[in-house]
Amino acid sequence: MRTIKHSCKDIQAKIELYLDGELDRFTRQNVDEVISECPFCKSEFDNQSSLKKILHVGLKRRECTDQLRKNIVSKIRGL
Amino acid sequence: MNEQELFESELLPHADALYNFAFHLTYNEDDANDLVQEAFLKAYKYIHNYQPGTNAKAWLFRILKNTFINDYRKSSRLPDTIDYQELVDIHMEDEIVASYQNDLRDDLFNGTMGDEISAALNSLPVDFKTVILLCDIEGFSYEEISKILEIPIGTVRSRLHRARNVLKNKLQAYAESMGYKS
């Protein structure tokens, strides 16, 4: 098994950017390669990924009521 | 297409996302209704500044954010908010978490905040909460968030990082109970 030389600190600083879709393809591939081999970076990746997932999936979304939508449209049409 | 048609076809479809943002900023249905209505009326007033086919959602979020800051936060309906920078500078993040534990339990007991995630999110200073809502809930890019909040991208990044550190600690038990790795 080959070992990729890396600094865990550097990779871990990139994980949030990775998960937020803010990394270029090359850097993303580099993070992918490292987390497939380094348990520390993988663990940090999993933690960050879980948090993002929990927030995105778990937070109850609130929706605009039909009444509010109607009120807005009637105000606009009345202007 | 006249302005009214443009409004109804390009701006109004974002009402749900805008309401969700407003609700989580205020945690009050009536206030969220007022905020959304006001933001849409302002958007219509300035619709000549909007370029059809461009990022309507980000534009509306910026209007709502400004409405919230300029009108809503100044009103007496909200308790004084704590300045996030002051909070972070004075306390270590762990201390922030500890100080909110009781609040979180009380809120859950009273059922005033809804679910655990809402409670954790709502306990964050408003500037932290805002970046989480825009990034993790709405999926805006750092560049879009930077434009919506009118702050540098580096500030978006550091606020997200700090907010997530606080949330990570708060939601650890919840994550484990949901079967996520801690």
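Residues are numbered from 1 along each chain as its sequence is written, and chains are lettered from A in the order in which they are written. Because the model is predicted, local features need pLDDT of at least 70 and side-chain atom pairs count only at pLDDT 80 or more, while totals for chains, interfaces and linings use all residues.

Let us start with chain B. Its secondary structure comes to 11 helices and 0 strands, where helices are DSSP runs of H or I with at least four residues, strands are runs of E with at least two, and both are numbered from the N terminus. Of the 182 residues in chain B, 37% are buried. Here a residue is buried if 20 or more other C-beta atoms lie within 10 Å of its own, exposed if 12 or fewer, and partly exposed in between, with C-beta atoms placed from the backbone. Among the contacts in chain B with a separation of 6 or more, 61% join residues 24 or more positions apart; two residues are in contact if their C-beta atoms, placed from the backbone, lie within 7 Å.

Now bring in the partner. The contact between the chains takes 35 residues from chain B and 27 residues from chain A. On the chain B side, the elements that give two or more residues are α1 (3-11), α2 (15-26), α3, α7 (116-122), α8 (126-137) and α10 (153-170). The largest share of that side, 6 residues, comes from α3(B). By class, the side of chain B that touches chain A holds 20 nonpolar, 8 polar and 7 charged residues. In this count Ala, Val, Leu, Ile, Met, Phe, Trp, Tyr, Cys and Pro are nonpolar, Asp, Glu, Lys and Arg are charged, and the others, Gly among them, are polar.

Axes are lines fitted to C-alpha atoms, for helices over the stretch in contact, and angles run from 0 to 180 degrees between N-to-C directions. From α4(A), the contact is made by Leu68(A), Asn71(A), Ile72(A), Lys75(A) and Ile76(A), and from α3(B) by Asn33(B), Val36(B), Gln37(B), Phe40(B), Leu41(B) and Tyr44(B). These divide into 7 nonpolar, 3 polar and 1 charged residues.

Within chain B, another helix pair is worth a look. The axes of α8(B) and α9(B) come within 10 Å and cross at roughly 135°, which makes α8(B) oblique to α9(B). Thr130(B), Val131(B), Leu134(B) and Cys135(B) of α8(B) meet Ile145(B), Ile148(B) and Leu149(B) of α9(B). This contact has 6 nonpolar, 1 polar and no charged residues.

Two loop residues of chain B also deserve a visit. Most residues other than glycine have a negative phi. Tyr27(B), in the loop between α2 and α3 of chain B, has a positive phi of about 55° and is partly exposed, with 17 other C-beta atoms within 10 Å. Glu150(B) also has a positive phi, near 55°; Glu150(B) lies in the loop between α9 (142-149) and α10 of chain B and is exposed.

Finally, turn to helix α2 of chain A (residues 25-35), where Val31(A), Val34(A) and Ile35(A) are buried. Seen down the axis of α2(A), these buried residues fall within an arc of 95°, so they line one face of the helix; the arc is that of the directions from the helix axis to the C-beta atoms. What covers them includes α1 (8-19) and α3 (39-58) of chain A. The face turned away carries the exposed residues Arg25(A), Phe26(A), Gln29(A) and Asp32(A).

Conventions. Parallel < 35°, antiparallel > 145°, perpendicular 65-115°, else oblique.
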